[in-house]
Amino acid sequence: MRKLWELLRQKRNREVLGWLGGGLVVVAAGLWAAIVYFFPPQKPPSTPADVQANCGGVAIGGSVTGTSITGGTTAGSDCSTKPK
């Protein structure tokens, strides 16, 4: 530990370490920019997901338009079999 402080006391060593640190930051930023540019995030598949809701919930999938929600039948649902 003492040798580290002796190394850092010299102005020239502090300058070199500062330049090296700055250079590492520039290299890291350049690598990050290159990775983001050449390997963009993958887009999710365009097929609609299977949407489900529990009893009392509302499940909406696909392209939804309009201002009102209408209820359909409970075919294939476990809501009608549960006691209230």
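Is Glu6 exposed, partly exposed or buried? In this predicted model, Glu6 is partly exposed, with a relative accessible area of 39%, and its side chain takes part in a salt bridge with Arg2. The chain holds 2 helices and 0 strands, and buried residues make up 1% of its 84 residues.

**Overall surface**

- The chain exposes about 8400 Å² of surface, of which carbon and sulfur atoms supply 62%.
- Buried residues account for 1% of the chain, which has 84 residues in total.

**Helix arrangement**

- Helix H1 covers residues 2-9 and helix H2 covers residues 11-38, and the axes of these two helices come within 5 Å and cross at roughly 90°.
- H1 and H2 are therefore roughly perpendicular to each other, given that angles of 65 to 115 degrees count as such.
- On the H1 side the contact involves Leu7, Leu8 and Arg9, which meet Lys11, Asn13, Arg14 and Leu17 on the H2 side.
- Sorted by class, the residues in this contact of H1 with H2 comprise 3 nonpolar, 1 polar and 3 charged residues.

**Salt bridge in H1**

- The count of salt bridges comes to 2, and one of them joins Arg2 to Glu6, with the closest N and O atoms 3.7 Å apart.
- Arg2 and Glu6 are separated by about one helical turn, because they lie 4 residues apart in helix H1.
- Arg2 is exposed, since its relative accessible area is 68% and the cut-off for exposed is over 50%.
- Glu6, by contrast, has a relative accessible area of 39% and is therefore classed as partly exposed, a label given to values between the buried limit of under 20% and the exposed limit of over 50%.

- Arg12 counts as exposed, because its relative accessibility is 57%, whereas Glu15, at 35% relative accessibility, counts as partly exposed.

Conventions. Residues are numbered from 1 along each chain as its sequence is written. This is a predicted model: local features need pLDDT of at least 70, side-chain atom pairs count only at pLDDT 80 or more; totals for chains, interfaces and linings use all residues. Side-chain values use heavy atoms; hydrogens and water are left out. Axes are lines fitted to C-alpha atoms, for helices over the stretch in contact, and angles run from 0 to 180 degrees between N-to-C directions. Angles under 35 degrees count as roughly parallel, over 145 as roughly antiparallel, 65 to 115 as roughly perpendicular and the rest as oblique. Contact means heavy atoms within 4.5 Å. Ala, Val, Leu, Ile, Met, Phe, Trp, Tyr, Cys and Pro count as nonpolar, Asp, Glu, Lys and Arg as charged, and the others, Gly among them, as polar. Buried means under 20% relative accessible area, exposed over 50%, partly exposed in between (1.4 Å probe, protein chains only). Accessible areas come from the Shrake-Rupley method with a 1.4 Å probe; for residues, only the protein chains shown count as cover. A salt bridge is a side-chain nitrogen of Lys or Arg within 4 Å of a carboxyl oxygen of Asp or Glu.
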